[in-house]
Number of protein chains: 2
Amino acid sequence: MMNKKFNVSTPSGFPEFCPKREKVRQQWIKVISETYASHGFQPIYTPLVERDENLVGKGGNPKEIYALRRLQATDEDKSHSGNALRFDHTVPLALYVARHLNDISFPFRRQAIGPVFRGERAQKGRYRQFDQCDIDVIGSENLSFFHDAEMVAIITKIFTKLNIGEFVIRINNRKILTGFFADLGISADKIKPVLDIVDDLEKLPPAKIMENFAEQGLTNDQTNKILEFTNVTGEPTEILNYLKGINGGEDFTTGVQELETVLTGIKALKVPAQNFIVDLKIARGLDYYTGTVYETKLVGHESLGSICSGGRYNDLAKIFTKKNLPGVGISIGLTRLLGQLFDAGIIQADTASPSHILVVPQDEKLVPNAIELSQQIRDILGLSVETYLDKKKFVKKLDYADKLGIPFVAIIGEREIENNSFVLKNMTTGEQNTHSIENIESIMGELIVF
Amino acid sequence: MMNKKFNVSTPSGFPEFCPKREKVRQQWIKVISETYASHGFQPIYTPLVERDENLVGKGGNPKEIYALRRLQATDEDKSHSGNALRFDHTVPLALYVARHLNDISFPFRRQAIGPVFRGERAQKGRYRQFDQCDIDVIGSENLSFFHDAEMVAIITKIFTKLNIGEFVIRINNRKILTGFFADLGISADKIKPVLDIVDDLEKLPPAKIMENFAEQGLTNDQTNKILEFTNVTGEPTEILNYLKGINGGEDFTTGVQELETVLTGIKALKVPAQNFIVDLKIARGLDYYTGTVYETKLVGHESLGSICSGGRYNDLAKIFTKKNLPGVGISIGLTRLLGQLFDAGIIQADTASPSHILVVPQDEKLVPNAIELSQQIRDILGLSVETYLDKKKFVKKLDYADKLGIPFVAIIGEREIENNSFVLKNMTTGEQNTHSIENIESIMGELIVF
């Protein structure tokens, strides 16, 4: 029988990472997760699969949700099984909180890092499976705006540690915008469309923006006042003072008070001044947000879009519980961000292997000695060590270390066995030195160089 | 409009972990992943979704594979989309290797930790989504049996670090069994059924075993010789010598040689004698394995079944490439194992929060001071610190720390602010001491106790 020809490529929109890039991805997850934990965010593990009615009920688009059914369905589940893949971490959080309402101590700080799925048209930078790294704080009935300040400190720590260059977190408050619009006499039904136009200010040409305002029936005066307002720049405290000087309505005033609390918190958290600004243009598209909103951009790479965003919302789980659960959260779109940073050459992936040292026997019969030495280096020095176990020419073994980016090779031959020693070769410089096995700690001095 | 009543429980067979247990799960993944890395196993990230024809082609059961389709399908994908969720890490590995055949340096050592999906009937301990933690070494054309020895050392390190009690890895080689059967005159078509009966030796009552042997047409003499052979016990080297004394055919002899290499490697790796035995009863159900096979049991909890198993196979990617790719691998069924260990009380989950300290202001207007102190403790001492930011009664704040298992609370009130100090309270002992903020390192002495 002829072998069927299989298409072994990854399905469109489903990413893979080779070892070099996967090492970076895992390192990033470690930094993100540990920083979240350093502010007390507890991990929870929610299933990747939820009831489809809950996903749709909480705002999912049925055209983008992947439902599950068995490939060869049995009679009882010929249609679909009622389950579907999660499209974000927020619906699973809402369901978790609804399930455990009586056991949770509020404010509930949770982190979630893992894959979500969206049946979008796959294109460059748009994935159908991608990792999101989220934190949220959920309050019971109310939640201090100091939590919103902490988000800014956390974003700052993460991107500082990840060392990808200068970044700026842009902060605003939805109530300031919507309150300002209402005070201009813009009717309630136009507030959301006008917010969407503001959200596009940096994406669309000015003529198109003017057209969009006009389409909503705004007067020139209203349009000009909005443009003037959203273009205000200055130090955060200057903008706060400017806002305090405006005699706005209740919503506007509440928004300004919330922003003031956030800025007080940011100051106490000692976030460096270059990492955040107040930007009255920031609206965020989602209906979802009701107070603070964030966007983060890489300086000099603004075209990448926001690398971390989020905001404050009024109620997490309205449709699942009767309790009022306000929240604030941020999300890092890890897969998309890493893809962009690799493509733009902002980050590089250097080595594939986690090994510090490859132990190479000069001859196949010395493999047991090589194994023994490897285990000693692992146990005594706590290093990652690989042993070359297969029969190959010596040069091929060195080639293997080189290709995987293993920085050191330890070689043992007959002479080394006799002397209870091994040769340590630096694969970058080519330098090599003999060490006695009894004195194995001495190699740390050589390793320290890299 | 009346609110629809939503069922917020997790879909059947899809597990969730609360923060206490999720902390343990993540800690386990860290130990497992780092131990894999300490032997040079590179992580790769393969999609959770593959082409369904590849999954089925490589042996997946279509009744258990979850296919994806959009919940509200558009015209062009009314049927299914041709993609399905992976059911293990081996098919994705085979596809990865087939895709990257020319870039991979063999032997290819890869680790994979993450969820897989099976549409099984959900029942206690059987999940439809569960984490598997796999390593495999794939050779090009051939692969030394010393790799098989390394698996034993790795399993030993992992379960020793996880500290879940005594365990024993049972090692065998399929060729020894099948060669022995062939030498007894059992015909080729009966070898696999007889192997399956041997695999059941510990699961079924003796009468049933005898019946099964008889059903395959085995003579009493053949049956007795198999039972005698599979019941041989002794030190690994004793069993090896016993096997060497048997004048078997080619397959049998090859199997014994392979086992000898494995035992030589295990010795060089200094695996403690109590952690492994040679057990000629071990067959492993899967057709897949062709050489070494492993099973690991917890001493005193044998009913939990094998907590880590695996083996040697002839060819990873036969249907996807023309190249011969022998491999050896092991797998830890993390979700199932953790569930069993929690249920059996072998492991406990103690604290929910990652925080070492909760900083509590006595009064709402001292929140900025509490924030500032928290950030100092984080930055200077590298600890995880949470700040109580919301307006609550003081006792409720302490209650919060208690419920989350946060071991220390740092309290600041008016007097502490004046003195530039704070009170550190040990939540276990109730003891409390005042520390000056300038001298913040002094608290490490108190924290060290836990």
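Arg170 of chain A counts as buried, because its relative accessibility is 11%, under the 20% limit. Its salt-bridge partner is Glu295(A), with N and O 3.7 Å apart. This is a predicted model, and every value I quote is computed from it.

Salt bridges with shared partners connect Arg170(A) and Glu295(A) with Glu202(A), Asp279(A), Lys281(A), Arg284(A) and Lys297(A) in one network. Over all chains, a search of the whole structure returns 54 salt bridges.

I turn now to the two chains together. How many salt bridges does the rule find across the interface of chain A and chain B? There are nine. One salt bridge brings together the side chains of Glu386(B) and Arg109(A), at 3.7 Å from N to O. Glu386(B) sits in strand S13 of chain B, residues 385–387, and Arg109(A) in strand S5 of chain A, residues 108–117, so this pair joins two chains. Are these two residues buried or exposed? Glu386(B) counts as buried because its relative accessibility is 1%, and Arg109(A), at 1%, counts as buried too. Another salt bridge joins the side chains of Glu16(B) and Arg99(A), with an N to O distance of 2.6 Å.

The interface can also be described as a whole. In chain A, 107 residues are in contact with 107 residues of chain B. The two chains bury about 9,400 Å² between them, and 58% of that area is on carbon and sulfur atoms. Between chain A and chain B, 51 residue pairs are in polar contact, counting those with both residues at pLDDT 80 or more.

As for the division of chain A, domain 1 is made up of residues 13–166 and 299–348, domain 2 covers 174–267, and domain 3 covers 357–447. The C-alpha centres of domain 1 and domain 3 of chain A are 43 Å apart.

Next, the sheet in chain B. Eight strands form an open sheet with mixed pairing, in the order S1-S5-S6-S11-S10-S9-S7-S8. Which strands lie at its edges? They are S1, residues 42–43, and S8 of chain B, each of which pairs on one side only. Strand S7 of chain B, residues 167–173, runs parallel to S8(B), and three bridges join them. Within that pairing, Arg170(B) stands opposite Ile277(B) in S8(B).

Gln274(B) lies in the loop between helix H10, residues 250–268, and strand S8, residues 276–278, of chain B. Beyond its neighbours within four places in sequence, Gln274(B) is in contact with Phe167(B) and Val168(B). Gln274(B) and Phe167(B) are 107 residues apart in sequence, yet their C-alpha atoms are 8.1 Å apart in space. Gln274(B) counts as exposed, because its relative accessibility is 55%.

I close with a salt bridge within chain B, between Glu414(B) and Lys365(B), whose closest N and O atoms are 3.2 Å apart. Glu414(B) is in helix H14, residues 414–419, while Lys365(B) is in the loop between strand S12 (357–361) and helix H12 (367–381), and the two are 49 residues apart. Glu414(B) counts as partly exposed because its relative accessibility is 43%, whereas Lys365(B), with a relative accessible area of 57%, is exposed.

Key:
Residues are numbered from 1 along each chain as its sequence is written. Chains are lettered from A and ligands numbered from 1 in the order in which they are written. This is a predicted model: local features need pLDDT of at least 70, side-chain atom pairs count only at pLDDT 80 or more; totals for chains, interfaces and linings use all residues. Side-chain values use heavy atoms; hydrogens and water are left out. Helices (H or I, at least four residues) and strands (E, at least two) are DSSP runs, numbered from the N terminus. Buried means under 20% relative accessible area, exposed over 50%, partly exposed in between (1.4 Å probe, protein chains only). Contact means heavy atoms within 4.5 Å. Two strands pair if DSSP finds at least two bridges between them. Domain bounds come from an automatic or database domain assignment. Buried area is the accessible area (1.4 Å probe) that two parts lose on being put together, summed over both. A salt bridge is a side-chain nitrogen of Lys or Arg within 4 Å of a carboxyl oxygen of Asp or Glu. A polar contact is a pair of N or O atoms within 3.5 Å; within protein, one must be able to donate a hydrogen and the other to accept it, and residues adjacent in sequence count only if both atoms are side-chain atoms.
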